[in-house]
Amino acid sequence: MDRTVRVLGVPMDLGADRRGVDMGPSAIRYGGLAEQLDRLGIDCTDGGDLAVPRPEASDPDADQPRGGRAKFRRETREVCEDVRTAVSGTIDDGEFPLVLGGDHSIAIGTVAGAAEPDESLGVVWFDAHGDFNTPQTTPSGNIHGMSLAAILGKGSFADKSWAHTPAVSEENVALVGLRNLDEGERRLIRESDVTAYSMSDVDARSVPEVVEEALDIAADGTDAIHASLDLDWLDPTEAPGVGTPVRGGVSYREAHIAMEYVAERHDKLRSMELVEVNPILDDHNQTAELACELAASAFGKRIL
C-alpha cells in the first residue's frame, strides 16, 4: 500500500436488531489498527466518526417503502449519504478509505463513495449472509440484510439514488462464504448475475482458489475493486463478537490467506470496510483485534 490510509468510523446500529455494533469502530481502534499499519510502514490518519442518529430518538417506521418494510430507512439514507461524501473526499485527496462499522448497511454509502463518475467498480463481499433482501422480501425489515441488493438497485431500491450505485454491475460482484440465506434473497441471488460462493464451495475448492476467482470477477473490465469484510464471515469460534454469528465459517488462517490475496490486488483496490464487530458479545476484544490483523494482511503483512 503506497497510499495514506484514512480511517473513517461509522458507529451505525440502525440496520440491525441487536445493539452493540455501534461500538465497533472504537473497539477496532482500541484493538491496535493504527499500530498494525504503522508496523507495515503505512501512513495512517484517522478521520474520526461520522454522526449517526440514536435509535431511541428515531422512528423506525417513519419512512416506509410501498409494499415492504425497511426500518430506519430515513436515517440510513442520511448516514449513507454522509459516508458517500467522506469516502469520495478521501479518494479525491489521494488517500485510501478504510471504513469501520457499524452494521453492514453502511456499505451502501462506502460503495457509492468509491464509485467515481464514469468509472466501474467491482465488489467482493466476504460474508456469511447474502445481504440481498429487499424491503419486499425481508423477514425482519433490517437494512443490513439489504445492503448489497440496494447497491445493485433491486426491488424498491431501483429508483433510489442514495442506494443504487449503477457503476457496480452484477457481473462484477462476488459473494464469498455464504451459509445463511433467507428464501427470498436466495431466489434473487439465483436470478441475478452475481457470482455466489457458499461455504460448501469453499470447502470443496479451498479458500485461495475461490478468493482468487472472486477477485478476478471483480477486476474483470472494471476500474477498481471494493472489498467488504463482515467479521461474521469467520467461524464464531474465531470471531465471537459479531452482530449475527453463524456456525461453519472460515478459520483464522483461511481469513488471513484471503486477505493476503486481496493485498495482491493493491494496484486496483480502491476501498475497504470492516463491519459488524460487536464488542458486547466479544471475548476480551478478540474479534476487534482480529479485524485489525486481517486489515494488516489486506495491506500487505506477510509471515516472511
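Predicted model: local features only at pLDDT ≥ 70, side-chain atom pairs only at ≥ 80, totals over all residues.

Let me begin with the whole chain. The protein contains ten helices and eight strands. Its radius of gyration is 17 Å, close to the 19 Å given by the globule rule for 304 residues, so the protein is as compact as a globular protein of that length. Along the principal axes, the C-alpha atoms fill a box of roughly 55 × 40 × 40 Å. Of the 304 residues, 58% count as buried. The accessible surface comes to about 11700 Å², and carbon and sulfur atoms account for 44% of that surface.

How much of the contact total comes from residues 24 or more positions apart? Among contacts with a separation of 6 or more, the share is 74%.

I turn now to the aromatic rings. The structure holds three aromatic pairs, and I shall describe two of them. In one of the pairs, the ring centres of F96 and F299 are 5.3 Å apart and the planes stand at 90°, so the arrangement is edge-to-face. Where do these two residues lie? F96 belongs to strand 3, residues 96-101, while F299 is in the segment after helix 10 (286-298); the pair therefore ties together parts that are 203 residues apart in sequence. Both F96 and F299 are buried. Another pair, F157 with W162, is also edge-to-face, with 6.3 Å from centre to centre and 80° between the planes. F157 and W162 are buried as well.

Next, the histidine. H144 sits in the loop between strand 4 (121-126) and helix 5 (147-151). Is H144 buried or exposed? Its relative accessibility is 12%, and because buried means under 20%, H144 counts as buried. Setting aside neighbours within four places in sequence, H144 is in contact with G15, A16, D103, H104, S105, D131, T244 and E276.

Finally, the surface. Which residues make up the nonpolar surface patch of about 250 Å²? They are M23, I280 and L281. M23 is located in the loop between strand 1 (5-10) and helix 1 (24-30). With a relative accessible area of 36%, M23 is partly exposed, whereas H144 counts as buried.

That concludes my presentation, and I thank you for your attention.

Conventions. Residues numbered from 1 in each chain as written. Heavy atoms only, no water. Patch = residues over 30% accessible without salt bridge, like charges linked within 9 Å, V, L, I, M, F, W, Y side chains within 5 Å. Areas by Shrake-Rupley, 256 points an atom, 1.4 Å probe, with all protein chains shown as cover. Salt bridge = Lys/Arg side-chain N within 4 Å of Asp/Glu carboxyl O. Helix = DSSP H or I, 4+ residues; strand = E, 2+ residues; numbered from the N terminus. Buried < 20%, exposed > 50% of the residue type's maximum accessible area, 1.4 Å probe, protein only. Rg over C-alpha atoms; globule rule 2.2 N^0.38 Å. Contact = heavy atoms within 4.5 Å. Phe/Tyr/Trp six-rings, centres within 6.5 Å; stacked < 30°, edge-to-face > 60°.
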